[in-house]
Amino acid sequence: MSVTPEDAFGPGRWRGRWIWADVTGLPAGRRVVAIRGRLVVPAGAASVPVRVVADSRYVLHADGVEVARGPGRSNPRRLRHDRVDLPVPDGATEVVVAALVVHYGAPIPWWMPGPTLVTAFDDGMFALDDGRGGTDATWRALPVAGWASERPKDFVIGRGDERLDLRSLPDDWATPGFDDATWPAAVELAGRGIGEPWHREPPAYPYGPLDRRPVTSPAREDVALTPSPSGFVADRIVVGTVRVDLEAPEGVEVRIRVGELTDSDGRLREDGHTFGTTFVGDGTRRTVETIDAYGLRAVEVTADEGAAVHGITVAERLHPVVGDASFACSDPVLDRIWAVGRRTVSICSLDAYVDCPTREQRAWTGDHVVHQMVDLATNDDWTLARWQTLLTASPRADGMLPMAVSGDAESSDIAMIPDWALHWLHGLHNLYRYVGDRDEVAGLLATAEGVLRWFEPYLDVDGCLVDVIGWVIIDWSWVPNDGVCAALNGLWGRALLEFAEMASWLGDSGRAAWARAHHERLVAGFERLWDPERQRYSDSFIDGGRREQASQHAQAAALVGGLVPASRVAGLVEVMTDEDALVHATFCRPEGPALPNSETPVGGLNFAGGWPEPWWDVGTEVVRAQPFFRYVVHDALAAAGRADLIPAQCRDWAVLLERSAESWSETWFGGTVSHGWSSTPTRDLSTRVLGVTPSAPGFATAAVEPVLGDLDWARGSVPTPAGPLSVDVTPDRVIVDSPLPFIHAGARFEAGRHEIPLEHR
């Protein structure tokens, strides 16, 4: 009978021990260690369940076959373990386990070190446990010389080129028949927290209880690249470890360079954030795989004399997209936009939602709210949508969240983005609506409260936030953030309302009342931003007066923040959607418009020198939101009762298909072409056009309120905890096939298939 992972492990200490290789005298920096050992197979078992953890990363093999990679990124004080079922051949009595383990040594975008004053884990560790035994001093551990990484090029990129000397590790090292008798014995380590016993078995300081990481294992797909004059190319952005079939004499080098942006000849552009790996040959032909994952469109190859590359494959390991979610409508351009957004979120779904897989792979605290909403609307697997909110709930001592977590940004605390924490709180509200797990929401509500209370010292006597410190980015558009920033105050207002709603649901009337009282003051104080002459909200109020400048951001944030009197709503919709008045203004190009696909570099953090003078007519023109903040703009239209405008709004993304046909750009004007935060239309076509959202926490009931706008028809399927809910809508009727009760136009319908006539509007 097979032993299940749930049966294999009891509470308390692991049976396997912390181990590592003897790295005495080896140079500091990235260390790679090859580990081998054997596990006894229980009689009749078809698999051996194990739990495994490492600091920093591992690749696990069973009898020569790769079975897992991990662990996922996390703050080291909350490090998680992975559960893995090791396959057992018929009649086998043991499994040969081999692990390639890397310790990064210095912070990078997806790893941060723990405290090192007294710990024994400064140089790395590995532990594996099968419930009866596991890693100990009988295992073998070999430091792999020549497998290293250069220093990062700069902070934005945060990573250096890899170097893998194949002479240090034979190709068959992980197979059962490999003779490891000459390898050194593993060194057992012990946790050494002050004032506690030294523990040779997990858990131990500084890693915490080592709970299980509650995320579905990634789905692997091997993508073979096509030969090109300079190397190899893919037909779209692909993400994963790079497998190189190479042949090189001993000591001869083969170099690959990967990147996402190419010129008209298919060659990598130097402004495309390229990365490299150097392989040193061992005199054989073998397939070798990078340790780190890369996002790329092309690979350039250079090889010294006598060396050759016969093929390159990218092993994609992405969070799985499962279920029957779909969307189709009378406009094939929108169908394509829906699919491109779904793919873009997928390539940004690694061990966490990342901003992009090609440039930096950081888990940003605010970006992920769009990734999360796309998954909730188009993917049956919500484990990453839930995990990311917990992962990024890593508050500083003052309650504010880091701008990005579990990597160099959190480790150095280089900056924080106050508005990103408010987007994080919106992500928690999404989980409240879609998942409705009371324990989950209650466990994170204290973090949400800490975020909100962080802002309190910046409140003026009228209840508005003023001169908030930090990088108040809003998005890459030209939106001033000094004084009383309308966009920031609007997001603060939304956060207060959402916090109050969740607190009330949990029966916490005190916290709910606290948040609502703040919101009531904000409603009154926000009036100073209203420009009665132009009938819109100004971007900021400073030095006793309003700026003339206005943006989509200010109007949208005011609407979602519940700060707008009903009499102004229709006018603000006009302000946000008047195409003739919208301008492409960004601090990245202070001298003029950054038009779509203009290849304006993303960056230009010149705020320290003060705000440049606007180049457009601030009295009549309005700054357009970049793709990320458009989720707020579209939410504002829906809140204003104008979801009918959203299909037309989503067509704005068609211009980005000219720059990248398979994944979305970071901004309208440039940046990476693999940014998940630009995928709002995919969410909206499922939740606004098909109209499927939760009407009660946890989808106890659904809301089905399709809005076609200018479309002739739309159909598709949206996931719910009870199964897929399908909608087929025309102007005259909607057909709903729902696994759970739903609300439409104020009426309740039971689970099942219903054809409902629609009133003409």
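The structure holds 64 salt bridges, a salt bridge being a side-chain nitrogen of Lys or Arg within 4 Å of a carboxyl oxygen of Asp or Glu. The model is predicted, and local features need pLDDT of at least 70, side-chain atom pairs count only at pLDDT 80 or more, and totals for chains, interfaces and linings use all residues. Residues are numbered from 1 along each chain as its sequence is written, and side-chain values use heavy atoms, with hydrogens and water left out.

In the pair formed by D161 and R257, the closest N and O atoms are 3.4 Å apart. D161 lies in the loop between β10 (147-149) and β11 (162-165), R257 lies in strand β16 (residues 253-259), and the two are 96 residues apart. Helices (H or I, at least four residues) and strands (E, at least two) are DSSP runs, numbered from the N terminus. D161 counts as buried at 13% relative accessibility, whereas R257, at 26%, counts as partly exposed. Here buried means under 20% relative accessible area, exposed means over 50%, and partly exposed lies in between (1.4 Å probe, protein chains only).

A salt bridge also joins the side chains of D171 and R286, with an N to O distance of 3.7 Å. D171 is in the loop between β11 and β12 (187-188) and R286 is in strand β18 (residues 285-289), so this pair ties together parts that are 115 residues apart in sequence. D171 is partly exposed, with a relative accessibility of 47%, while R286 is buried at 6%.

The salt bridge between E666 and R359 has its closest N and O atoms 3.0 Å apart.

A separate description applies to an open sheet of three strands, which has the order β24-β27-β28 and antiparallel pairing. β24 (484-485) and β28 (545-546) stand at the edges with a single partner strand each, so one side of each is left without a neighbour in the sheet. The antiparallel pairing of β24 with strand β27 (residues 540-542) runs over two bridges, and V484 stands opposite F541 in β27.

The axes of helix α10 (residues 552-560) and helix α11 (residues 569-577) come within 9 Å and cross at roughly 145°. Axes are lines fitted to C-alpha atoms, for helices over the stretch in contact, and angles run from 0 to 180 degrees between N-to-C directions. The contact (heavy atoms within 4.5 Å) is made by Q552, Q555, A556 and L559 of α10 and by V569, L572, V575 and M576 of α11. R568 lies in the loop between α10 and α11 and is buried, with a relative accessible area of 15%. Residues up to four places away in sequence not being counted, R568 touches E527, W530 and Y537.

L690 occupies the loop between α14 and β31 (692-694) and counts as buried at 0% relative accessibility. The C-alpha atoms of L690 and D728 are separated by 7.8 Å, although the residues are 38 apart along the chain. Leaving aside residues up to four places away in sequence, the residues touched by L690 include S326, F327, V704, P706, G716 and V727.

Terms used:
Two strands pair if DSSP finds at least two bridges between them.
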